Amino acid sequence: MALALFDLDDTLLDGDSATLWFHFMVAKGIAPAAMLAEEERMMARYYAGELEMADYMAFTLQPLAGKSIQEVEAWVQEFVRTVIPARLFAEGQARIEAHRADGDRVLIISASGEHIVHPIAALLGVNEVLAIELAQQDACYSGQTRGVLSFREGKVTRLREWMSQQGESLQGSTGYSDSINDLPLLQAVEQGRVINPGPSLEREARLRGWQVLTWQQTAAKQRLPEG
């Protein structure tokens, strides 16, 4: 049994779950529309490989500070039910099933918050997840993160901690990602596979002999709600 590691955003999902969730929060009145422009600027830095994830999380978690875990879970379930299914890449789902058929252990490792990654993974039938952990206080979210952020080198750190606990190794492992931010993760696995890469990651993939896969974008993306 080998590990099959999947990034989530723009890899299994056509779009970024954190951005989709943020727009959902604005549409529901949970977050103010005035925050959208800054979130967009931050995401532009993410795609350029220049974002400090701690800054993004601190900003985008502000609307959840003091909200009960139960209340947020209900919002997330609605978000996953209404927004996510149309965004899932069929090719990604097929890859997950192929790895399962081969007896591999599938893990989604994401730089989005655990509150949204776990339910999306469940929709994909994946039970094992590493994502950014959210701090809690008195059954509410504090608006802060905890532990090592699963972003860039942090993904590898979190993965190695998990492997140590699980008795796993990277022998025979495969990693899937769309993002130049996941270069450390793709370098760590035995077989890197890149999905719809941007120019920087595609150059790296060609140099390193990684397989480049083009997964079909959804025919008509749902327009992001503006509130």
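**Close-up views of a predicted model**

**View 1. Contacts of Trp21.** Trp21 touches Leu64, Trp75, Val76, Phe79, His115 and Ile116, leaving aside residues up to four places away in sequence; contact means heavy atoms within 4.5 Å. This is a predicted model, in which local features need pLDDT of at least 70 and side-chain atom pairs pLDDT 80 or more, while totals for chains, interfaces and linings use all residues. Residues are numbered from 1 along each chain, and side-chain values use heavy atoms, without hydrogens and water.

**View 2. The nonpolar cores.** The largest nonpolar core has 56 residues, and Trp21, Met53, Phe79, Ile84 and Ile108 have the most contacts inside it. A nonpolar core is a set of buried Ala, Val, Leu, Ile, Met, Phe, Trp, Tyr and Cys residues joined through side-chain atoms within 4.5 Å; buried means under 20% relative accessible area with a 1.4 Å probe, protein chains only. Helix 1 gives the most to this core, with 7 residues. A second, separate core of 12 residues includes Leu5, Leu107, Leu159 and Leu185.

View 3. Two strands pair if DSSP finds at least two bridges between them; helices (H or I, at least four residues) and strands (E, at least two) are DSSP runs, numbered from the N terminus.

View 4. Strand 2 (residues 105–113) and strand 3 (residues 129–137) pair in the parallel sense over 3 bridges. Ile108 stands opposite Val129 in strand 3.

Conventions:
Buried < 20%, exposed > 50% of the residue type's maximum accessible area, 1.4 Å probe, protein only.
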